Amino acid sequence: MQQKEGGVATTAEAARRVALRCENVNRWFGGLHALKGPDLAIFQGEIFGLVGPNGSGKTTLVNTVTGFYPPQKGRVLLFDEQINGLPPYRIAQKGVARTFQNVALFRGLTVLDNILVGRHIHMRPSALATLGYWWWAKKEEVAHRAKVEDVIDLLQLEDVRDEPVDVIPLGLQKRVELARALAAEPRLLVLDEPMAGMNQEEKEYMVRFILDAHEDLGLTILMIEHHMDVVTSICHRVAVFNDGVKIAEGAPRETINDPAVVAAYIGASDAA
Amino acid sequence: MFYRLSGVHHTRYEDTRRLWPIPTDRRLVAVLFLLALSAPLWLSELYLQNYLLPWLIWSAATLSLTLLMGVAGQLHFGYAAVMAIGAYSAIHLVRLGVPFELAFIGAGLVAAVIGCLFGAAALRVKGLYLVMATLAMQYLVDWVIVNVPAISGGAHATLQAPEARVLFFSFADGFTRYYFAFFWAVFMTVFLLNTKRTSFGRALVAIRDKDYAASVIGVSPFKYKLLAFFTSSFFGGMSGAVLAFCFYRAVTPEQFGFNVSTQLVAMVLVGGLGSVIGAYLGAAFVLLTPMILSNGIAALSDAGWLSVSANLLAHLPLMIYGALIIGFLLAEPLGLAKIYDNMRNYFLVWPFKHSRR
């Protein structure tokens, strides 16, 4: 009943734990069939790339995983626990964090406060504790501040810590968003085009930070990315989507050279 | 100059989150606190009871509204109704023989529960539609108070605040009234300041700024919007009770009409959304400017420097007042608090302006 694991699936890999499994996920928007039942399995500790032309259903798939658009048919399992149908904040509490394609930071807060919001699921916020800050909230705030400082250290955000988020450059904003997701200590991190709109240098920084976070925190990462150089250099496996269907899956280099993938991107050549 | 950042070095995380990290700010707050505390000594009874006291109470009410509108970003145009519920509940509870301290909390609870009922219905909608829903609350509550004699005591009745004591001090005494209002303003100020540095406040701001981003990080938008309505209505109801017992001493439905709701919204907006000092400045502006203008223009007219008809004389203060509100909001859309903030930022680096980041 399991789907094919792609070209590189070995017995050792098959024995690894599956962090995220999507089974026959379907999503319609009115008459548009955006996801036509793809299956997907992402192993624990893996960086999994999701590529495909615009409108191929990558972001829709990610949105079904994080609960924005629950699939109308099919299942989504996080460490063998069904999560489809749960509202986004419940899925976040189960250990899924994500970033957005266009930065979604809280503009009224500083960088530090934005990352502190990432600790929300680990804290016990209440109006009463706010009232008695010195007795009921201070200790918790300081403890979580220490955790956040670790993330700030990891992503080198020290010198913008106290800046309002809307005054820092886009590259840094994307890094803050990654920091906010990391602060939640997720079991599965979903990155929706983390390098969109970045120059080469910012991209290299971002790749470095993603790899650092992956290594230090033992994360499982699902990443949508259009930059093929990034995908081939850091992803362990990739899946290619086209028109709501998974058309290829496997080791990055082989997969993106698959004729079906090339056809999806630049069109099939009749003369070939 | 005065606000010097040099020499302020934090070595512990709790120090960076103390209420006023800059020494000058702390001194200013201490001076203001002592001035307010000693006000009965140096301020005449008239000014104390008719200017300072209502200012403090309305500032507290503005603070509770700014928690909802400024911090959590949920518009509320029926806040006077919330205060009315609190005021009437407190009076009726005290009349039933409940001690004032409990009636005070009870007033908050009743206001919070009713406020939440409307809030829950209103939370399905956003923006202008939320304004309409809260306006409906204003009119419904008004109607119920006027038409249920058990609450208002009759259609055009005035309900006297009964004799009550808070911790052995009687409300018949002007000092008790002033100090209780003062305590309440301090309490609300501390609550709002703390909100800005706890996970509760951050969750509210997250909901206000980007509700979908808040939900993927684990903040339930519905829960926190409802909590914002609950907390804000709770304190709004209590502010209404303070207003009834410390200032009006008797309540009528007209005291909490729609125009009062708009005044409260004006206090929040003119002061600056979500700002603590803005609540004080906004309340002062909306409350005191019309009085000062009327007095000033009357004085000018009496002195013979302003010869206009009596009709125009009555309307002139209103015209100037309206022009002032527009003027301030044009000059600084973020309110009086932002003007203060700009001045403070200027002095923070004065005279070395180039060192500003």
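In the sheet of chain A, A:L191 stands opposite A:M223 in β9(A); strands here are DSSP runs (E, at least two residues) and helices are runs of H or I of at least four residues, numbered from the N terminus. Five bridges join β8(A) to strand β9 (residues 220–224) of chain A, and the two run parallel; strands count as paired if DSSP finds at least two bridges between them. This is a predicted model, in which local features need pLDDT of at least 70 and side-chain atom pairs count only at pLDDT 80 or more, while totals for chains, interfaces and linings use all residues. Residues are numbered from 1 along each chain as its sequence is written, and chains are lettered from A and ligands numbered from 1 in the order in which they are written.

**The sheet of chain A**

- The open sheet has six strands in the order β7-β8-β9-β4-β10-β11 (chain A), and its pairing is mixed.
- β7 and β11 (245–250) of chain A stand at the edges with a single partner strand each, so one side of each has no neighbour in the sheet.
- Neighbouring strands of this sheet are turned by 20° against each other on average, direction ignored.
- Strand β7 (residues 96–99) of chain A is joined to β8(A) by four bridges, and these strands run parallel; here A:A97 has A:L189 as its bridge partner in β8(A).
- From β8(A) the chain crosses through helix α8 (residues 200–217) of chain A to β9(A), and this β-α-β crossover is right-handed (with the strands pointing away from the viewer, the path from the first strand over the helix to the second runs clockwise).
- On β9(A), A:M223 is also the bridge partner of A:G49, and strand β4 (residues 47–51) of chain A pairs with β9(A) in the parallel sense over four bridges.

**Around strand β8 of chain A**

- Five of the five residues of strand β8 (residues 188–192) of chain A are buried, so the strand is largely enclosed by the rest of the structure; buried means 20 or more other C-beta atoms within 10 Å, exposed means 12 or fewer, and partly exposed lies in between, with C-beta atoms placed from the backbone.
- Both faces are covered, with A:L188, A:V190 and A:D192 buried on one side and A:L189 and A:L191 buried on the other.
- Helix α7 (residues 170–183) of chain A lies across β7 and β8 of chain A, at about 175° to β7(A) (axes are lines fitted to C-alpha atoms, for helices over the stretch in contact, with angles from 0 to 180 degrees between N-to-C directions).

**The nonpolar core**

- The largest nonpolar core has 177 residues, and those with the most contacts inside it are B:I57, B:A87, B:A90, B:A181 and B:V242; such a core is a set of buried Ala, Val, Leu, Ile, Met, Phe, Trp, Tyr and Cys residues joined through C-beta atoms within 7 Å.
- Helix α12 (residues 221–248) of chain B gives the largest share of this core, 14 residues.
- Leaving aside neighbours within four places in sequence, B:A181 is in contact with B:L53, B:L56, B:I57, B:V242 and B:C246 (contact means C-beta atoms, placed from the backbone, within 7 Å).

**Where the chains meet**

- The contact takes 35 residues from chain A and 28 residues from chain B.
- On the side of chain A that touches chain B, the largest share, seven residues, comes from α6(A).

**Two positive phi values**

- A:E185, in the loop between α7 and β8 of chain A, has a positive phi of about 50° although it is not a glycine.
- B:R249, in the loop between α12 and β4 (250–251) of chain B, has a positive phi of about 65° and is not a glycine either.

Methods: Contact = placed C-beta atoms within 7 Å.
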